[in-house]
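The sequence and model come first.

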Amino acid sequence: MNLTQLRFAKAAADERSFTKAAKICNVSQPTLSNAIRLLEDEVKGRIFLRTTRKVELTPFGEELLPYIESVLEAETELVSHVESYFNPSIKLIRIGLSPVIDVKLLTQALEPYKMSHPNVEIFYKECFLGDLEERLEKQQIDIMLKPLLSNDSRAKKFVKANFYQEDLYYLPKHTSSQPESGERSAKLDSIADDVFVLSHPGCGLADITEELFKSSGVKLKRYSGEALTYQVMQDWADIGIGSVILPKSKIIPDYFKRSMKLLTGNNKTVSMKFGAYWSKAVVYPDYISALHKHFRYTVPKLLKGAAV
């Protein structure tokens, strides 16, 4: 396999269309289709289901996609490091983030910094929590963005700035008798009998869900399977496998109409909090230190109450 095949597969997965993916990749549709077919032959499995109306990932494709994305991200990271090595004038900031971070909100939070530092290139690396912390310790990233966990001893060695908080929503598993509208909130104790589909533990959302149930004295009934993406979690809820709990930014619009804001027993909104972290021991260049200060002092004001 080669990087071109992986780029084509990623584009097709994003667009759910070979025609649109080919336009994005600046190749003909047959060229893209043939490259993906060769990739499927090499991995000995179908990545896409093709119909006359749409293109969908197979279960095997859903499982393979995060690894394809990881390879493409590693290539981007390699190119950026090579450029900065041979051209020291290039200022590069490497931001590592959990997949559950609201990227649109992050873009909004970074905009003032980018305007005042137009010559700084920002590189994003999406990782699971253990990898994020290891990369920060090894100075492979300059700042880490992740959920705040109550039992997080490893993170205590870093400097922390509160970033934002986001309301959690409950998406019940679909049943034929379920209404499409009506109640827009659900108390945690009222959904205790549900079986819940959890995300991969590395993103932090599963930890938050487990902490939430434990602190409320409610036993979490966990589905034995595990979803790799937030869309898969919602798809599984839609076909009745189990209910899910997600931050609002990760809920697909088609499913939001069935989602309900999650409340505690005393009617308080349940939310998850996020923080920005960097190393205490590293002396960072001025432009990176400026970003740390931006998260510490500017972001809370910028988000106007969204920051914790």
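How are helix 2 and helix 3 oriented to each other: parallel or perpendicular? The model is predicted, and the angle in it gives the answer. The axes of helix 2 (residues 18–25) and helix 3 (residues 29–43) cross at roughly 105°. They come within 8 Å. Angles of 65 to 115 degrees count as roughly perpendicular. Helix 2 and helix 3 are therefore roughly perpendicular to each other.

**The contact**

Helix 2 brings Phe18, Thr19, Ala21, Ala22 and Cys25 to this contact. Helix 3 meets them with Gln29, Leu32, Ser33 and Ile36. By type, these residues divide into 6 nonpolar and 3 polar, with no charged residue.

| Class in helix 2 | Residues |
|---|---|
| Buried | Phe18, Ala21, Ala22 |
| Exposed | Lys20, Lys23, Ile24 |

Why do the buried residues line one face of helix 2? Seen down the helix axis, they fall within an arc of 100°, so they share that face. An α-helix has 3.6 residues a turn, so residues three or four places apart point the same way. The exposed residues of the table lie on the other side of helix 2.

The buried residues have several packing partners. Two are helices: helix 1 (3–15) and helix 3. Two are strands: strand 1 (48–50) and strand 2 (55–57).

**The ends**

Ser17 caps the N-terminal end of helix 2. A side-chain oxygen of Ser17 lies 3.3 Å from the backbone nitrogen of Thr19. Asn26 follows helix 2, and its phi is positive, near 60°.

Note on methods
Residues are numbered from 1 along each chain as its sequence is written. This is a predicted model: local features need pLDDT of at least 70, side-chain atom pairs count only at pLDDT 80 or more; totals for chains, interfaces and linings use all residues. Side-chain values use heavy atoms; hydrogens and water are left out. Axes are lines fitted to C-alpha atoms, for helices over the stretch in contact, and angles run from 0 to 180 degrees between N-to-C directions. Helices (H or I, at least four residues) and strands (E, at least two) are DSSP runs, numbered from the N terminus. Angles under 35 degrees count as roughly parallel, over 145 as roughly antiparallel, 65 to 115 as roughly perpendicular and the rest as oblique. Contact means heavy atoms within 4.5 Å. Ala, Val, Leu, Ile, Met, Phe, Trp, Tyr, Cys and Pro count as nonpolar, Asp, Glu, Lys and Arg as charged, and the others, Gly among them, as polar. Buried means under 20% relative accessible area, exposed over 50%, partly exposed in between (1.4 Å probe, protein chains only). The arc is that of the directions from the helix axis to the C-beta atoms. A polar contact is a pair of N or O atoms within 3.5 Å; within protein, one must be able to donate a hydrogen and the other to accept it, and residues adjacent in sequence count only if both atoms are side-chain atoms.
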